Amino acid sequence: MKYNRILITAMAVVLMTACGNKKEDTKVANPQAAVPVVSVVTATAEDVDVSNTFTSNIEPYATNNIVSQSAGRIVSINAEVGNKVRKGQLLAKMDDVNLAKTRMQYVNDSTELGRLTELYKIGAVSQADYDLAKLSLEITKKTYNNLLENTYLRSPINGVVTARNYDQGDMYSMTQPIFVVQQITPVKMLINISESYFTQVHQGMEFDIEVESYPGEVFKGKVNLIYPTVSATTHTFPVEVVAQNTDQRLRPGMFARVTATFGVNHHVVVPDVAVVKQQGSGEHFIYVLNDDSTVTYTKVELGRRLGNRYEIVSGINEGDKIVTEGQARLKNGVTVNVK
């Protein structure tokens, strides 16, 4: 019995010693395992386009409401929605009773002036009567031409019919236009640009246009009009951009993104995986590796996203070594090992 107790005691001592050695080994290994391992790259600088994208709706270059100056019966309708029309093309004809009466009066006044002219030449008519006849003919002529224009309704532009509100035989009530004709070659967009770019925008400047109907395709537009005032509320100024749209693929009402380039900046560009967004603040940071193998949590101002990279406006210098992997275990000032 005594021998067994001695044997058990000896085995317990051996086990305790072994466990103690394992604990010591763990204590020695843990400090090395606690040092974060990171990947780093060297920040480089390159020329980056200074550009901004603005949203707008495509508008027709011109819109004309086809109306008659007075109410009346619509005798004929000569166009339909979607029809392409030429400048001067007849779209509708109104009742021409008043036109016929005025035409007769115009002929009579013209004949009367001719008769009085001959009498005026021989002194048989006074200057006052002759001038009155001339004035009467001029008034009748203007009235006739006005009625002619408002009886035979023609398109004032090359365009497309986008609305027809009456049918043949309807009584035109002057409440809405008979036709709406829009010029869609070219089309225009109105965008609001920050006042900081006011001196950089000029007439004829080329912009890129993208629409959701043609993904990945870029159309070209040019500045046609620059408004001379800046809004005191938004600190922007309106600019009219015109696209020639010769193939008429851009249509009024389409949502467009208009991108303007204002030159280039030589800025640092880094991989997007290097950028850490601070939760709840909207601020962005990058871990910079120092010469003593510690890292500094550096706030940066982002510029454009360039595929899988970011333009850095401020915060990082060219040549800085930045962490691209392993940020989850980092904090400001911690020592790291580099892969």
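## Strand β13

In this predicted model, β13 is mostly covered, and eight of its eight residues are buried. The side chains fall into two sets. T236, P238, E240 and V242 point one way from β13, while F237, V239, V241 and A243 point the other way. Both sets are buried. In a regular strand the side chains alternate between the two faces of the sheet.

## Partners of β13

Strand β10, residues 179-194, pairs with β13 in the antiparallel sense over eight bridges. Within this part of the structure, F237 in β13 is the bridge partner of I193.

β12 also runs antiparallel to β13, and four bridges join the two. Here V241 of β13 stands opposite V223.

Is T229 buried or exposed? T229 counts as exposed because its relative accessible area is 54%, and the cut-off for exposed is over 50%.

Leaving aside residues up to four places away in sequence, T229 touches T236, F237 and P238. T229 and Y166 are 63 residues apart in sequence, and their C-alpha atoms are 42 Å apart in space.

I139 lies in helix α3, which covers residues 127-151. With a relative accessible area of 48%, I139 is partly exposed. Together with L132 and L135, I139 makes a nonpolar surface patch of about 300 Å².

Technical notes:
Residues numbered from 1 in each chain as written. Predicted model: local features only at pLDDT ≥ 70, side-chain atom pairs only at ≥ 80, totals over all residues. Heavy atoms only, no water. Buried < 20%, exposed > 50% of the residue type's maximum accessible area, 1.4 Å probe, protein only. Contact = heavy atoms within 4.5 Å. Patch = residues over 30% accessible without salt bridge, like charges linked within 9 Å, V, L, I, M, F, W, Y side chains within 5 Å. Areas by Shrake-Rupley, 256 points an atom, 1.4 Å probe, with all protein chains shown as cover. Salt bridge = Lys/Arg side-chain N within 4 Å of Asp/Glu carboxyl O. Pairing = 2+ DSSP bridges.
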